[in-house]
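Here are my notes on the model, point by point. Have the coordinates open while you read.

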Amino acid sequence: MSQQTTAQPDRHYINGEWTDGEGDETFESENPATGETLRTFHRGTQADVDAALEAAEEAQDEWRELSHIDRAEYLWDIYHELRERTDELGEIVTKECGKEISEGKADVVEAAHMVEWAAGNARHPHGDVVPSEIGSKDAYMRRKPRGVIGCITPWNFPVAIPFWHMAVSLVEGNTVVWKPAEQTPWCAQIVAEMFEDSGIPDGVFNMVQGFGDAGEAIVEDERVDTVLFTGSAEVGQQVGQTVAEQPGKLAACEMGGKNAVVITDEADLDTAVHSAVMSSFKTTGQRCVSAERLIVHENVYDEFKERFVDVAENVAVGDPLAEDTFMGPLVEGEHKEKVLEYNELAREEDVDVLVDRDELAADEIPDGHEDGHWIGPFVYEADHEADLRCTREEVFGPHVALMEYSGDIEDAVEIHNDTEYGLAGAIISEDYREVNYYRDNAEVGLAYGNLPCIGAEVHLPFGGVKKSGNGYPSGREVIEAVTERTAWTLNNSKDIEMAQGLSADI
Ligand code: UN1
């Protein structure tokens, strides 16, 4: 594994070379649990993105000539490395983004699954062969790579999400330019080292470290054929707009949510409490699929509230490297400020606060972790009818509203869907009619029954509706965003016969 043993900052990986890039600024990555600086990196500029795109374009012709199986060979090497180094890399994920250690490792495992899926598909290709309406014709669909794929990824899954974007793109014959999140550059450095070790041809994979300006340079450049973006709704909307102004370019964006779990009066309350705690507090609420609304039937409301509040009061917040920690810190100080502001907004909006762990008790913060970005659960009761900002806007933290409903499943789903977002959600009920009603009517891309609304598997589509996204930059659906489909029709006769009864007489 790379150790930053000298004072030299880590570099970008462009055209098969490690480079300082054109800029002279550097930035640091921080351990959010301790505040310590982990490593220093060169900050990418537009000129670096330009060099990376030039390399990616150059590499296109030879890369697309290889078979899927030959391209997948490079990814199999990476797959084995991810598997062999899961514990070590999981620890680095935890150190750099603060997720507790089982989550750090799961991030690496999810990356391995994605690579396995993409590379495995090379041996198990699917296609469309369709009968022509004319007996003497054959017709089928051929996929071709779109070209250069720009990948912009978030910090909360710093290993898995880059592979969501890149594994399928590369196997399908595209070349990539990747701008990782500025909060997790060390994880990105290691991923880039894996590509280097795999011996993938120069220019096929390029990585430029940096901030939003480097991401913007990718989105704006006409050499990029598809942009894959996972991140905030605000930035995703800008990406979508910029790309829409460039004819022929595509964007697949997956953004945030104001996700909800519906708990009906047919729910098993053990399942309900467990699912709600996982949905709201795992990853300290920092998944785009995390739940910030719990919609609970009046008949079970009081009992659920008592049990949920009890767990929220006691759930272990602390050193993410310790095995018994449930919630690590928030990713950075600026983000903690934002979450605290939303908690304050909720108080100003006059909700009933049930759990307030903004200030952790001194004995909850482990020694040596005083500078971490700590926060505990914030739980409150809010009336859906009151239409409060705190129940409408995404917070991305352990901030959750309990909302009581009366009536039947239709009433619950109406509240569930009354949001601009539509990423993930869950229903907890033992009544299959309610569960099926939810499945068919919940306006979300990821719906769960008797489960938390987090924890998707990579071989399923992952994306949202409404403000949560305009495509699927993940799982098997990436193939649609990174390939052109040519409809190929071949005449097996000497005569030309046309479809739709069109006359071919001349
Ligand atoms: C995210 O929420 O930002 O479904 C990604 C999950 C993970 C991926 C989450 N597999 O919870």
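This is a predicted model: local features need pLDDT of at least 70, side-chain atom pairs count only at pLDDT 80 or more; totals for chains, interfaces and linings use all residues.

1. First, the classes I use throughout: Ala, Val, Leu, Ile, Met, Phe, Trp, Tyr, Cys and Pro count as nonpolar, Asp, Glu, Lys and Arg as charged, and the others, Gly among them, as polar.

2. Residues are numbered from 1 along each chain as its sequence is written, and side-chain values use heavy atoms, with hydrogens and water left out.

3. Which atoms of the protein make polar contacts (N or O pairs within 3.5 Å; within protein, one atom must be able to donate a hydrogen and the other to accept it, and residues adjacent in sequence count only if both atoms are side-chain atoms) with the ligand? On the side-chain side, a polar atom of Glu110 sits 2.9 Å from a ligand nitrogen. On its own the ligand has 320 Å² of accessible area, and the protein covers 98% of that (Shrake-Rupley method, 1.4 Å probe; for residues, only the protein chains shown count as cover).

4. Now the overall build. The protein chain has 14 helices and 19 strands, taken as DSSP runs (H or I of at least four residues for helices, E of at least two for strands) and numbered from the N terminus. Its radius of gyration is 24 Å, close to the 23 Å that the globule rule gives for 506 residues, so the chain is as compact as a globular protein of that length. That radius is taken over C-alpha atoms, and the rule is 2.2 Å times the number of residues to the power 0.38. Along the principal axes, the C-alpha trace spans about 80 × 65 × 40 Å.

5. The search runs on a 1 Å grid over the protein atoms alone: a cavity is a set of points where a 1.4 Å probe fits but cannot get out, a pocket is an open set with protein on both sides within 12 Å along at least five of seven lines, and lining residues have an atom within 4 Å of a point. Points are joined across faces, edges and corners, and a volume is the space filled by probe spheres set on them.

6. The largest pocket has a volume of about 1300 Å³. It is lined by 42 residues, with Trp155, Gly231, Ser232, Glu234 and Val235 closest to its centre. Helix 7 (212–220), strand 10 (226–230), helix 8 (233–244) and helix 11 (333–348) each give two or more lining residues, and helix 8 has the largest share, with seven. The lining splits into 16 nonpolar, 13 polar and 13 charged residues.

7. The second largest pocket holds about 740 Å³. Of its 25 lining residues, His68, Pro125, His126, Arg143 and Glu172 lie nearest the centre. Strand 6 contributes the most, six residues, and the class count is 11 nonpolar, four polar and 10 charged.

8. There are four cavities of 30 Å³ or more. The largest, at about 60 Å³, has 14 lining residues, and those nearest its centre are His416, Thr419, Tyr421, Gly422 and Val444.

9. What lines the second largest cavity? Leu89, Ile92, Val93, Val159, Cys187, Ile190, Val191 and Met194 do, around a space of about 50 Å³. By class that is eight nonpolar, no polar and no charged residues. Helix 6 supplies the largest share of this lining, four residues.
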